[in-house]
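Here are my notes for a colleague opening this entry for the first time. Please read them with the model on screen.

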Amino acid sequence: MALDAAPLAFIAAAPPVATAPPSHASTSAPRRIGGTASVAATALAVGAVVGRGSVARRATAVKKKGVRVVEGKEIPWNLFSPKAPYKGSCVSKETITTKTALVNWETCHVIMDHGGKVPYIEGQSIGVIAPGPDKKGETPAKIRLYSIASSSPGDDESNKTVSLVVKRVVEVSGKGWCEYSNVPQGQDAEFPDAEKVYRGVCSSHICDMNAGDDVMITGPTGAEMLLPEDPEANMIFMATGTGIAPFRSHLRHLFHDKVSKGNFKGVAWLFLGVPYSESLLYDEEWKEMQAEFPDQFRYDYAVSCEEKCEKNKINGEMWVQHKMMQHSDDLWDLVKDPKTHVYMCGLKGMESGFAECFQERVEAEGMVYAEFLKKMKKDKRYHVEVY
Ligand SMILES: Cc1cc2nc3c(=O)[nH]c(=O)nc-3n(C[C@H](O)[C@H](O)[C@H](O)COP(=O)(O)OP(=O)(O)OC[C@H]3O[C@@H](n4cnc5c(N)ncnc54)[C@H](O)[C@@H]3O)c2cc1C
Ligand SMILES: NC(=O)c1ccc[n+]([C@@H]2O[C@H](COP(=O)([O-])OP(=O)(O)OC[C@H]3O[C@@H](n4cnc5c(N)ncnc54)[C@H](OP(=O)(O)O)[C@@H]3O)[C@@H](O)[C@H]2O)c1
């Protein structure tokens, strides 16, 4: 594939490799958020930066609504609850995949207006409440979480929008797994002949949205996927499908937004796994970033249904971890570097995939994989949001 021949120049730009991270190494403090004029911004301004030693005391002693202290910084947190959600509106909705053999082929990019009232930082999630009925008939439905796919200024950099990348859940009997049904038999417009059709409650609500429609938003929440504060940190991003969301948020912050572009001095390498070429998400954005930042950004993808890989003992297809194995020399140098953070988002299988990639390397250097991983976690440079 053409991308495999992408320049390796940025590897040379990576900081020197150290096999044993210093015990004090921790580059994981989340970034301070900018001055969004909002409920949270007022609260956040009060907190500013606090000394690391005082964090724990402060986190327990001070309880401010809409704010949480993470690694010594205050970040917006659950400004809006399921009982009192923010009523935003849909700015736009676009289907960003094209049809494949799969019934659940459709993924949408949705921009929502939050009027500056739901500030968030890169790596967080929001909740959406669909009108219902939910699986068991509740109206409105229970919240569903979605990783935010925009950086904090939003796609239009107005500080007033939040974007999501949502896959439409569709299950049809005879076309893959389908246990439940919430469409009366014969009445599904797309699959009238199917015995059972299940359409995801919240993903359908979001993917069916039109500009101007109301949307009930909760949050923001989440601290696992925040970016490190060190501008010289490196990032390896592993995404399956819509697991790309937090990485789009990160990458726009690092390489796109007016307020932050140019500050990042490290390298970022994105691996995206999807079933078909038609399912690639934001492919053009990544290619543009790569063209603009060839020494700092690299992008590789694994298209499972189109590429075989004998290293995949489960179904013989190319998954993100197998694509990574093709670059394991360069990646291992990065993984060992105490300034490198590894992020995974999407399917749970990626965690064992990461082990498959690096366990032998770890052991070849006389370390025990479990200990190596423990140290990465302790140093807060192993970030996982999968299920
Ligand atoms: C932190 C986090 C971040 C996420 N980020 C994203 C994201 O960025 N993009 C994205 O697309 N998704 C994301 N998700 C997933 C998202 O939250 C929803 O789970 C997803 O959109 C499906 O919701 P739904 O309401 O459409 O489906 P549901 O209607 O909730 O259906 C989900 C499943 O439940 C099954 N089901 C139906 N009835 C029953 C029943 N009675 N008992 C048991 N099971 C039943 C269905 O068959 C279906 O497989 C994220 C989840 C988490 C936790
Ligand atoms: N923050 C979060 O926690 C978060 C955010 C966004 C999404 N998600 C979740 O992530 C999942 C993404 O699913 P999706 O439907 O959007 O993706 P998708 O489009 O179906 O793509 C998933 C890709 O991963 C491959 N794959 C399957 N098993 C794998 C494994 N063990 N290791 C690595 N790759 C594997 C698939 O290959 P095959 O074709 O061989 O199956 C496919 O190519 C969903 O469950 C979604 O809800 C979580």
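This is a predicted model: local features need pLDDT of at least 70, side-chain atom pairs count only at pLDDT 80 or more; totals for chains, interfaces and linings use all residues.

1. Ligand 2, the shell. Ligand 2 is surrounded by 22 residues. The closest are Lys-167, Ser-304, Glu-317, Glu-385 and Tyr-387. By class, the shell has eight nonpolar, 11 polar and three charged residues. Strand E12 (268–274), strand E14 (340–346) and helix H9 (349–364) each give at least two residues to it.

2. Ligand 2, polar contacts. The side chain of Ser-304 has an N or O atom 2.8 Å from an oxygen atom of ligand 2. Backbone atoms take part too. A polar backbone atom of Thr-242 lies 3.0 Å from a ligand 2 oxygen, and one of Val-274 lies 3.1 Å from a ligand 2 oxygen. Alone, ligand 2 exposes 940 Å², and the protein buries 77% of that.

3. Strand E12, burial. Is E12 enclosed or open? Seven of its seven residues are buried, so E12 is largely enclosed by the rest of the structure. In a regular strand, side chains alternate between the two faces of the sheet. Here Ala-268, Leu-270, Leu-272 and Val-274 point one way. Trp-269, Phe-271 and Gly-273 point the other way.

4. Strand E12, neighbours. E12 pairs in the parallel sense with strand E11 (residues 234–240) over six bridges. Ala-239 has Leu-272 of E12 as its bridge partner. Strand E13 (residues 297–303) also runs parallel to E12, joined by seven bridges. There, Phe-271 has Asp-300 as its bridge partner.

5. Helix H5 (residues 245–255) forms a right-handed β-α-β unit with E11 and E12. From E12 the chain then crosses through helix H6 (residues 283–292) to E13, and this β-α-β crossover is right-handed.

6. Ligand 1, the shell. Ligand 1 has 21 residues around it. The closest are Leu-145, Glu-171, Tyr-198, Ser-203 and Tyr-387. Strand E6 (144–147) supplies the largest share, four residues. The shell counts 12 nonpolar, four polar and five charged residues.

7. Ligand 1, polar contacts. An oxygen atom of ligand 1 is 2.6 Å from a polar backbone atom of Leu-145. Another backbone contact, at 2.9 Å, involves Val-201 and an oxygen atom of ligand 1. The side chain of Ser-203 places an N or O atom 2.6 Å from a ligand 1 oxygen. On its own, ligand 1 has 980 Å² of accessible area, and the protein covers 77% of it.

Conventions:
Residues are numbered from 1 along each chain as its sequence is written. Chains are lettered from A and ligands numbered from 1 in the order in which they are written. Side-chain values use heavy atoms; hydrogens and water are left out. A residue is near a molecule or strand if one of its heavy atoms lies within 4 Å of it. A polar contact is a pair of N or O atoms within 3.5 Å; within protein, one must be able to donate a hydrogen and the other to accept it, and residues adjacent in sequence count only if both atoms are side-chain atoms. Accessible areas come from the Shrake-Rupley method with a 1.4 Å probe; for residues, only the protein chains shown count as cover. Ala, Val, Leu, Ile, Met, Phe, Trp, Tyr, Cys and Pro count as nonpolar, Asp, Glu, Lys and Arg as charged, and the others, Gly among them, as polar. Buried means under 20% relative accessible area, exposed over 50%, partly exposed in between (1.4 Å probe, protein chains only). Two strands pair if DSSP finds at least two bridges between them. A crossover is right-handed if, with the strands pointing away from the viewer, the path from the first strand over the helix to the second runs clockwise.
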